[in-house]
Amino acid sequence: MRKIRLALALAVAFPVSFLAAFSAAAQAQSNPVDHAFANAPAKSLGVVTINSGQPTSLPTQIPTTIEGITREQIEQTINATDSEDALKYFPSLLVRKRYIGDYNHAILSSRASGTGNSARSAVYADGILLSNFLGNGVGGLSFPPRWGLVTPEEIERVDVMYGPFSAAYAGNSVGAVVDYVTRMPTKFEAHAKMGYVSQPFDLYHTNTTYSATQASVSLGNMHGDWAWFVNLNHTDSHGQPLTFPTRLLSAGVAGSAGTAVKGAVAERNNANAPIYIMGTGTEYHTLQDHAKLKLAYHITPSVRASYTLGIWQNTSEGRPVSYLRNAAGQPVYSGSININGLAFTAAQALTGADFPLTNESLMHTMHGLSVKSHTQGVWDWEVAASLYDYGKDTKRQNAAANPLPTAATGGAGTIADGSGTGWSTLALKGIWRPQGARGEHVVDLGVQQDSYVLKYLTSSITGNWLNDAPGTLASEVGGRTALRSLYAQDAWAFAPRWKTVWGARLENWTASNGFTTFGIGNPANAAYARRSENFLSPKAALSYQWASDTVLKGSLGRAVRMPTVAELYGATSTTNSQYLNDPNLKPEKSWTTELSVEKDLGHGVWRFTFFAEDTRDSLYSQTTFDPLANKNISRVQNIGRIRTNGLEVAYSGNDVFKKGLDLSGSVTYADSLIKENTGFVAVAGDTLGKQQPNIPTWRATALASYRFDDHWSASLGVRYSGPQFRTLNNADVNGSTYQGVSAYCTADVRLRYVVSKQWTASLGIDNVNNDAYWNFHPYPQRSYVAELKFDL
C-alpha cells in the first residue's frame, strides 16, 4: 500500500491553483445536473418512496420508519472521523466504536438488538453489502460491518430503515437497515481534508494522551455520459487501552510465595467481586489506507451502469503495559507474584496470555457492479452484484509460554490466517407500475443470492512469532452458507387517504462444507453434514392520512435470521480466548410490529412509535471469563424466546423558534426480557425473566445546531443510555468496570467556520463532560478534534 500512501500525500499537497485551472476547463464541458439520479427519499401517506437512479439497497417503497441525514448536516453537526459517526444521533441506534478506525468491534445496535448481535442489522453503501454476515458479534473472530470501506468525505446521505418490514431484505434486517449513498459528481470537483484528534486518558495507572491523524482527498468529474469519483484516505490512530489482565482476590493464597510486587490496582469486577488490575492488555496503534474508485456510464438516458472498487488495508499493533513493579522497580510480566501478602502461583501465575502482543495485517477488496433503469414508466429493472474478499488477513500473537520482555523480540507464538474468506451477492430486481408512474400500484420484486465462505487457519510458530512462516497446524475451520430468495411486495393506494404495502419473502438456506480440525488424528476433528431449509416471511403495512398534517401507520413483518458460518463451524482458540461453535443451531425467527403516529408541525416532524418484537430461538454468543483457564470463553446458543415491547418518540425540525436553529432528538423505552430458555449460565432457570443483554431500558439523543451567519455555525449533541447488562443471567451488576456495561451521558460540541468558498475549519470536543463509561472495554474519554477542509 506504499503506492496508495504516496498518491494520498501527493494529492493532499496538490497546488490549489492547478486544481482551479483544471476545474474551469472541466466545467466548460460538463453536462447539466441530472436531478433524477440524485433525488432524496419522499414520503406520502406514511410510505417512503425512493426515486433515484444511483445504486442503493433500498426498495422503491418503504412501509416503515425511516430516518436520514445529509452530507451538509454531518459536516455542520458531527465530529465525524469514521463513517459510522454519521449514525451518532439517530433514534435508538448505537455503534460500539472504541477508538478512531475501530475495525474489529464497532457493532451497530438498535431497538431490540444489542452490541453483541452484529448479524441483526444490515449496512450497505451504494447497494453493496458492508455487513459481515460471516459471523455474529466479536466472540472468537470479529464481525462488525466494514465501515472502513466508506469515509465521511464520500457520504452524500445516510438513510436508516427500522425493522424487517420490507420483503426486499433478508432476516438480518430485523434490527435496522443502514444505507449509505456516496457522492457522484455532475461536474469537476476536488476535496481535501486534514484531521487531528487528541485524547487525554486517565484510568487506573494509565495517564497519557493518545492521538489520531487523518488525511483524505477526493477527485471527480462528469464527461458526457461518463462520471468518475476517486477517494483516498489515510488514518494513523493510537487508541486508549482496551483490555486489562486481572486476578480475583479470592484466587490468591495468603503467604509469602511469589515475587513481591507493587502497582496492582484494587477494583471490583462486573459481578462486584474484588479483583486486582495488573496492567493493560491491548492498546492498538493502527495504520489504515482506503482507496475507492467509482465509475458510472449512462448507456441510454434512462439506463445507467455503475462500478465500484474499494481497497482497504490495515496494519495494527496491540501492545500491553504492566503496572506491576518488583523491589528493584522493574516491570513484572510473568511468573508467580505476591500482592499485599496474597500469592498468585501455579495456574494463577502471570503468563504471556495476560500481556499479549498482537500484529495484524489486513488487505480487503470490494467490488460492486450495477446496471439500473430509471424510466419511471411501467417497468424498471436492476441487475446488481458485489464481491467482498479477504485478500490478506493475518494475526500474529505471542504464546502464553512466551511472555514479555523476551516476546518483544521473538519467541514462540501463533499466526491466524483468514485469507480467502469473503462473500458475494447477486440480485435481479424489478419495479412494476401496472397503471404507470401515477397508478395505484407499485410492485417491487426480485431474485437474490448471498453466498458466504469462511476459511481460518491457525498455526503454531516455535521460532519467531514476529516474522517466521507458519509451522504446525493448531486449528483450521471453514464452511459455506448460501441464501437464495424470491420476494415481491405491492404498494397499493386503494383509497384517497389509504395506502397498504404487503408482500412476502421465500428463502432457501443451505450450509455446507463445514469442518473443524485440530491436527492430524485429533479426536475432536469434525466434518459436518449439509443442511438445507426453507422459510416464508410475510410482510404487511397500512397507513392512513388522518388529517392533512397527521399520518397513522402500522407494520407487521416476520424475519428469519439464519445461523452464520462462524456460529456453525468457527471453533477457534487463541492464547487468551476460545470460541465454541454449534453446527446444529436453529435459525432465529422474529415477528416484529410497529405502530406510529407522525405529525407535521410546520417547523418539523414529530413521531410517536410503539414497537414490539417476539423472537424464538434467538441466536446469542455469550462471553464469560474463566479464571481457571485464564481466558475469555464464548459460546453460541439458541435462546428459547425473547420478547421486547417499547416506545420511541422522535422530533426533527429546521429553523425552530428562529431562523438557523435546527433541533432533533429522541427518547426510547424498551422492555426486553428472556421469557423462555432451556439453557442457563450457572444454574437452571437463571436467565428466565432477565433483561436481554446490551438493551438499556431508556436511551435518548438530542442535537441542536445554529447557523449564526453564512460563515459560523455551532452544534451541541447529547447522548444518554441507562444501565444494562452484558450477561444472559444479568449477573454483571457492576457496569462501571472492565467487562461491564455502564450507563452513560455524554455531550459533544462542534464549531465550524466557513473561511471562504473553498476553505472550512472546524473545532470540536467529543465527550465534553469526560464521562468514563464502558461496554466491556472503556470508551474514549474527552477528545479534542480539529479539521481543515478544502472544496473546489
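The structure holds 37 salt bridges, counted wherever a side-chain nitrogen of Lys or Arg comes within 4 Å of a carboxyl oxygen of Asp or Glu. This is a predicted model, so local features need pLDDT of at least 70 and side-chain atom pairs count only at pLDDT 80 or more, while totals for chains, interfaces and linings use all residues. Residues are numbered from 1 along each chain as its sequence is written, and side-chain values use heavy atoms, with hydrogens and water left out.

Take Glu156 and Arg71 to begin with: their side chains meet in a salt bridge at 3.5 Å, N to O. Glu156 lies in strand S9 and Arg71 in helix H3 (residues 71–77), so the bridge ties together parts that are 85 residues apart in sequence. Helices (H or I, at least four residues) and strands (E, at least two) are DSSP runs, numbered from the N terminus. Arg71 is buried, with a relative accessible area of 17%, whereas Glu156 counts as partly exposed at 28%. Here buried means under 20% relative accessible area, exposed means over 50%, and partly exposed is what falls in between (1.4 Å probe, protein chains only).

Asp766 also has a partner, Lys88, with the closest N and O atoms of this salt bridge 3.7 Å apart. That pair spans 678 residues, from Lys88 in the loop between H3 and strand S5 (94–95) to Asp766 in strand S44 (residues 759–766). Both ends are tucked away by the accessibility cut-off: Asp766 is buried at 17%, and Lys88 is buried at 14%.

Then there is Arg641, bridged to Asp614 with the closest N and O atoms 2.8 Å apart. Arg641 is buried at a relative accessible area of 19%, and Asp614 is partly exposed at 23%. Elsewhere, salt bridges with shared partners join Glu67, Arg111, Glu594, Arg607 and Glu648 into one network.

On to the rings. Rings of Phe, Tyr and Trp (its six-membered ring) pair if their centres lie within 6.5 Å; planes under 30 degrees apart count as stacked, over 60 as edge-to-face and the rest as tilted. By this rule the count comes to 28 aromatic pairs. One of them is Phe133 with Tyr452, an edge-to-face pair with 6.5 Å centre to centre and 65° between the planes. Phe133 sits in the loop between strand S8 (128–129) and strand S9 (155–162) and Tyr452 in strand S29 (residues 441–461), so the pair ties together parts 319 residues apart in sequence. Phe133 and Tyr452 are both buried.

Trp606 and Phe608 have ring centres 6.4 Å apart and planes at 25°, so this pair is stacked. Trp606 is partly exposed at 31% relative accessibility, and Phe608 is partly exposed at 30%. Ring pairs also link Tyr204, Phe244, Tyr738, Trp774 and Phe776 into a cluster. As for charge over a ring (NZ of Lys or CZ of Arg within 6 Å of the ring centre and within 35 degrees of the ring normal), the charged end of Arg146 sits over the ring of Trp312, 5.9 Å from its centre.

Finally, the surface: Trp381, Val383, Leu426, Leu428, Val447, Leu486, Leu506 and Leu536 form a nonpolar patch with about 700 Å² of accessible area together. Strand S26 (379–398) and strand S28 (422–432) are the elements that give two or more residues to the nonpolar patch. Patches are made of residues with over 30% relative accessible area and no salt bridge, like charges being joined within 9 Å and nonpolar side chains (Val, Leu, Ile, Met, Phe, Trp, Tyr) within 5 Å. Accessible areas come from the Shrake-Rupley method with a 1.4 Å probe, and for residues only the protein chains shown count as cover. Val447 lies in strand S29 and counts as partly exposed at 39% relative accessibility.
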